[in-house]
Amino acid sequence: MLNKYFRVIVGCMVLLMVLLTYYVSIKWLWFGVFIGVNMIQSAFTKWCLLETILKKLGIKK
């Protein structure tokens, strides 16, 4: 279940970044860079802030 929420939230964040970049400012691409770097970092360290937040909210694996 955790994986499902994670994918939905990250997908929404990427879509939000695209919309904000198109309609507001090109600087919103940095939000996409943050998302990508965080996903790469979590692959190596096995730790992700979003996963920690979801667990604290009571979402089970």
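Guide: Let us begin with Thr21, which is buried, with a relative accessible area of 16%. Please note that this is a predicted model.

Visitor: Where is the place of Thr21?

Guide: Thr21 belongs to helix α1.

Visitor: And which residues is Thr21 in contact with, leaving aside neighbours within four places in sequence?

Guide: With those neighbours set aside, Thr21 is in contact with Ile26, Trp28 and Leu29.

Visitor: What about Ser42, buried or exposed?

Guide: Ser42 counts as buried, because its relative accessibility is 16% and the cut-off for buried is under 20%. Ser42 is found in helix α2.

Visitor: Which residues does Ser42 touch, not counting those up to four places away in sequence?

Guide: On that basis, Ser42 touches Trp47 and Cys48.

Visitor: Let me step back. How many helices and strands are there in the protein?

Guide: The protein has 3 helices and 0 strands. Read along the sequence, the pattern is α-α-α.

Visitor: What does the C-alpha trace span along its principal axes?

Guide: The span of the C-alpha trace is about 35 × 20 × 15 Å along those axes.

Visitor: How many of the residues count as buried, as a percentage?

Guide: Of the 61 residues of the protein, 23% count as buried. The protein exposes about 5100 Å², and carbon and sulfur atoms supply 74% of that area.

Visitor: What share of the contacts with a separation of 6 or more comes from residues 24 or more positions apart?

Guide: Residues 24 or more positions apart account for 56% of those contacts.

Visitor: Now the helix packing. At what angle do the axes of α1 and α3 cross?

Guide: The axes of helix α1, residues 2-23, and helix α3, residues 49-56, cross at roughly 125° and come within 10 Å. Helix α1 is therefore oblique to α3. The crossing of these two helices is right-handed.

Visitor: Why give both an angle and a distance?

Guide: Both are given because two packed helices are described by the angle between their axes and the distance between the axes.

Visitor: Which residues meet where α1 and α3 are in contact?

Guide: From α1, the residues are Leu2, Tyr5, Phe6, Ile9 and Val10. They meet Leu50, Glu51, Leu54 and Lys55 in α3. The residues of this contact divide into 7 nonpolar, no polar and 2 charged.

Visitor: Moving on to Phe31, where is its place?

Guide: Phe31 lies in helix α2, which comprises residues 29-45. Phe31 is partly exposed, with a relative accessible area of 23%.

Visitor: Which residues does Phe31 touch, again not counting those up to four places away in sequence?

Guide: Phe31 touches Met13 and Met17 on that count.

Visitor: And how many residues apart in sequence are Phe31 and Ala43?

Guide: Phe31 and Ala43 are 12 residues apart in sequence, and the C-alpha to C-alpha separation in space is 19 Å.

Visitor: One last topic, the backbone. Which residue has a positive phi although it is not a glycine?

Guide: That residue is Lys46, with a phi of about 60°. Lys46 is placed in the loop between α2 and α3.

Visitor: Is Lys46 buried or exposed?

Guide: Lys46 is exposed, because its relative accessible area is 71% and the cut-off for exposed is over 50%.

Key
Residues are numbered from 1 along each chain as its sequence is written. This is a predicted model: local features need pLDDT of at least 70, side-chain atom pairs count only at pLDDT 80 or more; totals for chains, interfaces and linings use all residues. Side-chain values use heavy atoms; hydrogens and water are left out. Helices (H or I, at least four residues) and strands (E, at least two) are DSSP runs, numbered from the N terminus. Buried means under 20% relative accessible area, exposed over 50%, partly exposed in between (1.4 Å probe, protein chains only). Contact means heavy atoms within 4.5 Å. Accessible areas come from the Shrake-Rupley method with a 1.4 Å probe; for residues, only the protein chains shown count as cover. Axes are lines fitted to C-alpha atoms, for helices over the stretch in contact, and angles run from 0 to 180 degrees between N-to-C directions. Angles under 35 degrees count as roughly parallel, over 145 as roughly antiparallel, 65 to 115 as roughly perpendicular and the rest as oblique. A crossing is left-handed if the near helix is turned anticlockwise from the far one by less than a right angle, and right-handed if clockwise. Ala, Val, Leu, Ile, Met, Phe, Trp, Tyr, Cys and Pro count as nonpolar, Asp, Glu, Lys and Arg as charged, and the others, Gly among them, as polar.
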